[in-house]
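Please read this briefing alongside the sequence and the coordinates.

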Amino acid sequence: ATELEKEESIEKDENVDYVSQLDIAEYSYVNSINNTIYCMVIKNNSNQTLSLNVNVTANDKNGKLVGAQTINEYAVESGYEVVLSTSFDGDKAEKFVYDITPEIEKYYSPVSSEIESTVTKADKKVIVSCKNTGNETAQFVKASALFFKNDRLVYYNETYCVDNSFNLEVGKTISKEIDAFQEFDDVKIYISGRK
């Protein structure tokens, strides 16, 4: 391909509508200190590894703006889901509006498909074990937990299954607890990371 053709193919890639290739589910709840926790579960249905930048605004029941946050996630692997979460001050946030900018990941490679995870439920917590089955060190391997009671999100928590250098070495398994601090009848775990 000539340089011009290469440039044209890159331009074509930039015109791909990646937003329409994302499945997005939103959850929110008010925590024990009366702040509103907002979570998005985003599935990347494109054939690219994406980085995600999301700007979220929160409005009260009358439509008045009460908060704004930006959240990011890197190296979201094709076919995998990640959780993006943030919090808003107070318990007034009821309506959320997000603007999401997905881009082809330029700096990191995905690891989700190389992390084997098992989840054990315990009293008011889960224990998550993550094993690196790939052939490279994985970094910032995070287990995000959405705890549900009667199909409603009641708690969000996360932990990093990494060593002191924020790595999960090849062949290693690291287990961590994720507390819910309350009763739940269902939990969904999402694994993210990069290399």
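Is F140 buried, partly exposed or exposed? F140 is partly exposed, because its relative accessible area is 30%, and the limits for that class are 20% and 50%. The model is a predicted one.

**Surface patch**
- F140 sits in strand β9, which spans residues 138-149.
- Together with Y160 and F166, F140 makes a nonpolar surface patch of about 260 Å².

- C161 is found in the loop between β10 (152-160) and β11 (167-168).
- C161 counts as buried because its relative accessibility is 0%, and the class takes in values under 20%.
- Leaving aside residues up to four places away in sequence, C161 touches V128, C130, V141, L168, I174 and K176.
- V141 is one of these contacts; V141 and C161 are 20 residues apart along the chain, and their C-alpha atoms are separated by 5.6 Å.

**Salt bridges: total and the buried pair**
- The whole structure contains 6 salt bridges.
- One of them joins the side chains of E73 and K142, with an N to O distance of 4.0 Å.
- This pair links distant parts of the chain: E73 belongs to strand β4 (residues 65-76) and K142 to strand β9, 69 residues apart.
- E73 and K142 are both buried.
- A network of salt bridges links E73 and K142 with E158.

**Salt bridges: other pairs**
- D91 and K92 form a salt bridge whose closest N and O atoms are 3.3 Å apart.
- K92 counts as exposed because its relative accessibility is 53%, and the class begins over 50%.
- D91, at 32% relative accessibility, counts as partly exposed.
- E136 and K195 form a further salt bridge, and here the closest N and O atoms are 3.8 Å apart.
- The E136 and K195 pair also links distant parts of the chain, with E136 in the loop between β8 (125-132) and β9, and K195 in the segment after β13 (186-194), 59 residues apart.
- E136 is partly exposed, with a relative accessible area of 41%.

**Points to take away**
- The E73 and K142 pair is buried, whereas K92 is exposed and E136 is partly exposed.

Key:
Residues are numbered from 1 along each chain as its sequence is written. This is a predicted model: local features need pLDDT of at least 70, side-chain atom pairs count only at pLDDT 80 or more; totals for chains, interfaces and linings use all residues. Side-chain values use heavy atoms; hydrogens and water are left out. Patches are made of residues with over 30% relative accessible area and no salt bridge: like charges are joined within 9 Å, nonpolar side chains (Val, Leu, Ile, Met, Phe, Trp, Tyr) within 5 Å. Accessible areas come from the Shrake-Rupley method with a 1.4 Å probe; for residues, only the protein chains shown count as cover. Helices (H or I, at least four residues) and strands (E, at least two) are DSSP runs, numbered from the N terminus. Buried means under 20% relative accessible area, exposed over 50%, partly exposed in between (1.4 Å probe, protein chains only). Contact means heavy atoms within 4.5 Å.
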